[in-house]
Every structure is written in C-alpha cells, then in structure tokens.
Amino acid sequence: MAHRDFRRKTSEVKVGGITIGGDAPIRLQSMTNTSTLDTEASVAQCVAIANAGADIVRLTAQGVAQAQNMGEICRRLREIGVDIPLVADIHFNPAAAFEAATRVEKVRINPGNFVDPGRTFKKLSYTDEEYAEELKKISDKLVPFLKVCRENGTAIRLGVNHGSLSDRIMSRYGDTPAGMVESAMEFLRVCRNEGFNDVVISIKASNVVVMTQTVRLLVEAMDAEDMHYPLHLGVTEAGDAEDGRVKSAVGIGSLLADGIGDTIRVSLSEAPENEIPVARKLVEHINRIASDEIERSEAPKIPDGITRPVPVAAGVDFDVAVGLPDGYELVESHRANAISDIRRQFAERYDTGNYKPTVIKISYPADYDADRVTVAASVDFGSLLLDGFGDGIWIEAPGVSAEKLHSLEMSILQATRRRISKTEYIACPGCGRTLFDLPSVLQTIKAGTSHLKGLKIGVMGCIVNGPGEMADADYGYVGAASGCVSLYKGKECMVKNIPADEALPRLIELIKENGDWVDE
Ligand code: SF4
C-alpha cells in the first residue's frame with residue numbers, strides 16, 4: 001500500500017478555526033493544570049502551550065463556574081491575538097457541559113459519567129428492559145446537549161477512559177476493551193441518529209497494550225457501522241521523563257504508523273508545554289515513515305513446542321562488540337520506515353515456520369539526538385514488539401550515549417509489557433483539579449520506591465477521577481483534599497485523608513504490611 005493511502009479516512013470536524021480529520025494534518029494538543037477560575041494563570045498557560053506549537057488546548061471545567069469562566073479566558077486570549085481553540089473537559093457534570101458549549105469551541109464529555117453518576121457498584125445486573133431504559137436515558141440527556149452544540153457551532157469529543165465506565169457497561173462487559181468500545185458506541189449512535197457529525201472520539205488507557213488493542217477494536221466497530229469519526233489518541237497517566245515519553249510514543253505512534261489517529265495528546269506529569277515538542281517529534285517521525293512504502297504483515301507463528309525467551313536488550317544482556325547471545329538471529333534496518341522493512345524481513349525469513357529467537361536492530365542517523373531517538377525508537381520498536389515481533393532489542397544511534405540507549409531499550413520493553421524490569425508509575429498529568437504539586441510529589445515517590453521492580457504505583461492528582469483511572473495499579477497515592485492524601489491498595493481505600501507530609505512514609509508502610517516491599 002503506497003503511503004498516500006495509509007491514513008484512515010475520517011470525516012472532518014471544525015473546531016474554531018481548525019479542522020480535525022479528513023486531510024488535515026495531525027493536530028497536537030495539551031491541557032492546562034491551572035485552576036480554571038484563575039483567569040490570569042490559565043490565560044498565561046494557554047499562551048505558553050500555544051507558543052510551544054499546540055493546535056488545541058483543553059481546560060478542566062469541573063463545575064458551572066469554571067465553564068462560565070472559560071468564556072472570560074477565551075475572550076482574554078482573543079483580545080491578545082491568541083486564537084487557539086479551547087476545549088472544556090467535563091466529568092460528572094452535564095450542567096457544566098451545557099454552559100461550556102456556549103462559550104468554547106469544543107466540549108469533551110466522558111460517556112462513563114455524563115449520564116450515569118459514575119460507578120456505584122449498587123446495581124450489577126440489568127434485565128434487557130432495564131438496559132434499554134438506561135440507553136434511553138443517554139438519548140434523553142445527550143440530545144438536548146447536542147442541540148446546544150449545534151446552535152453554537154461547538155464540536156464534542158466523546159472521551160472514554162479505562163477505569164471510568166458506567167455501572168451499566170461494567171455489568172455487561174466489565175472494565176474491558178469491549179466495554180470501553182461499547183461505551184463509546186452507545187453515544188456515537190445517538191450522535192448519528194441526530195445527524196450530529198462534529199464528533200471526535202477517544203479511548204484511552206494507561207496500559208499501552210490495552211490502549212492500542214481498544215482503539216483498534218473501536219475502529220473495527222465504527223467501520224462495521226459505517227462511522228468515520230476522527231480519532232484523538234493518548235495514553236493516560238503515562239507519568240514523566242523517559243517513561244512518560246516512551247509510553248506515549250509507543251501507544252500513539254504504533255497506531256499512527258497504522259494510519260489511525262487525527263489528533264494526539266502526549267500526557268506528561270510535567271509542565272504542559274513540555275508535551276508539545278514530544279508530540280511534534282512523534283508526528284515528524286510518522287511523516288518520515290509515510291514517505292516510504294507502507295507494508296503490513298503478521299508476526300510469524302511460533303511453532304508448537306518453542307517457548308519464547310524474555311526479550312534481551314543490547315548492551316544489557318549481551319555485549320554488542322562480542323555479538324548476539326548463542327542461538328539468536330539478527331534482523332536489522334536503517335531505513336526511515338524500519339517498521340515495514342523489519343516486518344518484510346521476518347515474513348521472508350520465517351515463512352516456513354522455522355522460527356528462531358530474533359533480535360531486532362534498528363540504526364538511527366548520527367545527527368539524531370537523545371530526544372529524537374527516544375521517540376523514533378519507541379514508535380518503531382513499540383509497533384513491532386506490540387505485534388509480537390522479535391525477542392530482543394538493539395538500538396544503534398551514534399549521537400546518543402550507550403547508557404541512555406540501554407535505559408531506553410528497557411523502557412520500551414516495559415511499555416510494551418514484554419519485559420518488566422522496574423517500578424511502573426501510573427501518574428496523571430494533572431489538570432485544574434489537581435490537589436498537590438504533581439511533578440515534585442512524583443519525584444519524591446519515585447525516589448522512595450523506584451527499586452520495587454514490577455510494582456505498579458498510581459500517583460493521581462484528585463479523588464474524582466484518580467481511583468478509577470489508576471487502572472491496574474497495585475498501590476495508589478491520590479489527592480483527597482487540599483493538603484490531604486488517600487492511599488489505596490488496588491481499588492480499596494486503605495488510609496483516608498492523611499496530611500500530605502505523612503503520605504509517603506505511610507505508603508511505604510502499606511507496601512510493607514502487604515508483603516510487597518523489598519530492601520534496596
Ligand atoms: S486524575 Fe489527575 S488529570 Fe485526572 S482529573 Fe484528577 S487531577 Fe486531573
């Protein structure tokens with residue numbers, strides 16, 4: 001398939017002065033973490049995000065007052081010549097969505113909590129009649145909202161998140177990819193029945209494997225019902241630094257490399273404007289791939305009786321000057337479109353079922369710096385490893401230190417869940433609801449727990465979305481109120497509302513009490 005056809009065809013959605021979908025470029029977006037009631041701070045952050053190169057900026061509107069103040073933020077931005085479209089982020093509060101729809105260019109609602117009050121677990125089974133009645137409730141609430149959006153030329157995003165599905169969906173599907181897809185489809189069907197087409201759709205998860213599988217399932221479900229809404233891609237709670245960049249680039253990039261995705265948000269637990277250069281590099285890498293021939297093929301079938309080894313990493317498990325570990329083969333590429341090149345070589349080499357453990361080596365030009373290699377290698381190896389290619393990873397990049405390359409290899413293997421070698425942090429990016437200084441708290445928690453290999457620790461800024469969205473975290477550190485934190489073991493709150501300065505030692509105690517602590 002030639003590159004010109006490679007992007008999935010979608011409808012166009014106008015958001016203020018820009019278009020998402022159709023033939024429009026992939027749009028970059030970020031989100032403020034200021035209080036939406038603080039006009040000065042929010043305007044300043046929107047400007048910083050716009051200056052970094054974002055096409056769209058989102059602000060949280062947890063209540064009607066915040067939604068109303070978005071009108072003032074919008075007015076102030078236009079006054080100083082900043083025309084970036086604004087998106088209101090709504091959870092649990094349809095009244096705020098109605099207010100925002102008259103003031104900003106786009107409103108994000110969460111199908112998991114727009115009609116339903118959020119998961120109560122009170123009703124865990126529904127008869128078919130009860131289920132149909134629940135679906136009617138969606139229509140009753142969504143149709144008037146779509147009417148206001150239509151009258152004001154406002155687009156919407158239906159943003160489904162792993163961990164915030166309604167009781168209705170949970171009762172039939174559980175917190176599964178199928179449940180997330182159905183949660184989106186229920187709302188999309190109402191939009192289509194109403195002839196409302198200014199819809200962008202997203203399904204996010206912090207687990208990259210779940211996120212990519214679910215988005216692919218959504219695309220299949222939409223295609224089956226002849227729907228072509230543009231897709232917003234993101235990995236939630238990706239964390240910060242290398243881990244955050246790698247998880248986002250693996251998840252978003254492997255979908256973009258398959259032609260899926262029209263707008264992206266790289267979520268980092270850092271200053272929001274830091275997200276844009278990463279997003280830009282990601283799109284640049286995809287454009288470079290797409291300038292070449294795009295080929296797709298399935299990973300080779302592993303013959304019965306062969307157990308695949310845990311993937312090895314160059315420089316960590318074997319010395320590149322000496323050669324591959326015994327019994328391993330090498331497949332390598334230095335092409336811009338290494339993904340297709342490697343897939344083709346696998347298809348040629350293993351078409352007879354004679355599979356051998358294989359290290360994938362991809363070489364990047366000497367002028368690629370560490371940031372560029374981080375994104376490019378995450379996309380290339382991420383796409384291949386998620387699809388089951390390869391038993392080892394070897395990144396060659398003369399412009400980057402060996403130490404950085406080894407760390408990157410391990411982060412890519414971890415993000416694709418092919419090899420777990422460190423603590424996994426499921427940390428939200430923060431928004432106007434955040435109750436503590438996320439970047440610094442995350443650093444402190446990392447300093448105390450980063451030796452706990454394989455443990456998943458959620459660090460979430462608020463109690464509203466935090467506990468649900470920290471997904472499969474083993475432990476959670478969640479902002480409960482100003483200066484107060486609650487601690488979780490799985491989904492259960494174990495320690496409620498303790499002062500923030502006692503929270504890390506108490507978290508460590510909780511991990512010890514449950515036998516998950518090891519000394520460094
Ligand atoms: S979990 Fe984090 S990003 Fe999500 S709403 Fe709460 S503070 Fe905002």
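These legends go with a set of close-up views of a predicted model.

**View 1. How the chain splits into domains, and where domain 1 meets domain 3.**
The domain assignment of the protein gives three pieces: domain 1 covers 3-290, domain 2 covers 312-415 and domain 3 covers 424-513. Take the centres of domain 1 and domain 3 over C-alpha atoms and you get a separation of 25 Å. Domain 1 puts 30 residues into the contact, and domain 3 puts in 20 residues. On the domain 1 side of that contact, the residues sort into 19 polar, six charged and five nonpolar.

**View 2. The eight-stranded barrel.**
The barrel closes from eight strands, in the order β3-β4-β5-β6-β7-β8-β9-β10, with parallel pairing. Zoom in on one piece of it: β8 (residues 199-204) and β9 (residues 231-233) pair in the parallel sense over two bridges. Across that pairing, isoleucine 201 sits opposite leucine 231 in β9.

**View 3. Strand β6 and its two partners.**
Here β6 pairs with β5 in the parallel sense, over four bridges. Alanine 88 is the residue opposite valine 107 in β6. β6 also pairs with β7, again parallel and with four bridges, and isoleucine 109 has leucine 158 in β7 as its bridge partner. Which way do the residues of β6 point? Lys106 and Arg108 go one way, Val107 and Ile109 go the other way, and all are buried.

β5, α3 and β6 form a β-α-β unit, and the unit is right-handed. The buried residues of α3 (residues 94-101) are Ala96, Ala97, Glu99, Ala100 and Ala101. What covers them includes α2 (64-79), β5 (86-90), β6 (106-109) and α4 (128-152).

**View 4. Asparagine 161 in strand β7.**
Asparagine 161 belongs to β7 (residues 155-161). Buried or exposed? Asparagine 161 is buried, because 25 other C-beta atoms lie within 10 Å, and 20 or more is what it takes. Leaving aside neighbours within four places in sequence, asparagine 161 is in contact with Asn110, Gly112, Lys204, Thr236 and Glu469. For a sense of scale, glutamate 130 is 31 residues away along the chain, and its C-alpha atom is separated from that of asparagine 161 by 24 Å.

**View 5. Glutamate 12 in strand β1.**
Glutamate 12 is found in β1 (residues 12-15). Glutamate 12 counts as partly exposed because it has 15 C-beta neighbours inside 10 Å. Not counting residues up to four places away in sequence, glutamate 12 touches Thr19, Gly21, Gly22 and Ala24. One of these, glycine 22, is 10 residues from glutamate 12 in sequence, and the two C-alpha atoms are 4.8 Å apart in space.

β15 (residues 424-427) and β16 (residues 456-460) run parallel, joined by four bridges. Alanine 427 has valine 459 in β16 as its bridge partner. Both faces of β15 are covered: Glu424 and Ile426 are buried on one side, and Tyr425 and Ala427 are buried on the other. Watch the handedness here: β15, α13 (residues 438-449) and β16 make a β-α-β unit that is left-handed.

**View 6. The shell around the ligand.**
How many residues surround the ligand? The count is 13, and the closest are Cys428, Cys431, Gly461, Cys462 and Asn465.

**View 7. Two residues with a positive phi.**
Most residues other than glycine have a negative phi. Arginine 417 is not a glycine, yet its phi is positive, at about 55 degrees. Arginine 417 sits in the loop between α12 (402-415) and β15. With 14 other C-beta atoms within 10 Å, arginine 417 is partly exposed. Asparagine 497, also not a glycine, has a positive phi of about 50 degrees. Asparagine 497 is placed in strand β19 (residues 492-499), and with 13 other C-beta atoms within 10 Å it is partly exposed.

Note on methods
Residues are numbered from 1 along each chain as its sequence is written. This is a predicted model: local features need pLDDT of at least 70, side-chain atom pairs count only at pLDDT 80 or more; totals for chains, interfaces and linings use all residues. Domain bounds come from an automatic or database domain assignment. Two residues are in contact if their C-beta atoms, placed from the backbone, lie within 7 Å. Ala, Val, Leu, Ile, Met, Phe, Trp, Tyr, Cys and Pro count as nonpolar, Asp, Glu, Lys and Arg as charged, and the others, Gly among them, as polar. A residue is near a molecule or strand if its C-beta atom, placed from the backbone, lies within 6 Å of it. A residue is buried if 20 or more other C-beta atoms lie within 10 Å of its own, exposed if 12 or fewer, and partly exposed in between; C-beta atoms are placed from the backbone. Two strands pair if DSSP finds at least two bridges between them. A crossover is right-handed if, with the strands pointing away from the viewer, the path from the first strand over the helix to the second runs clockwise.
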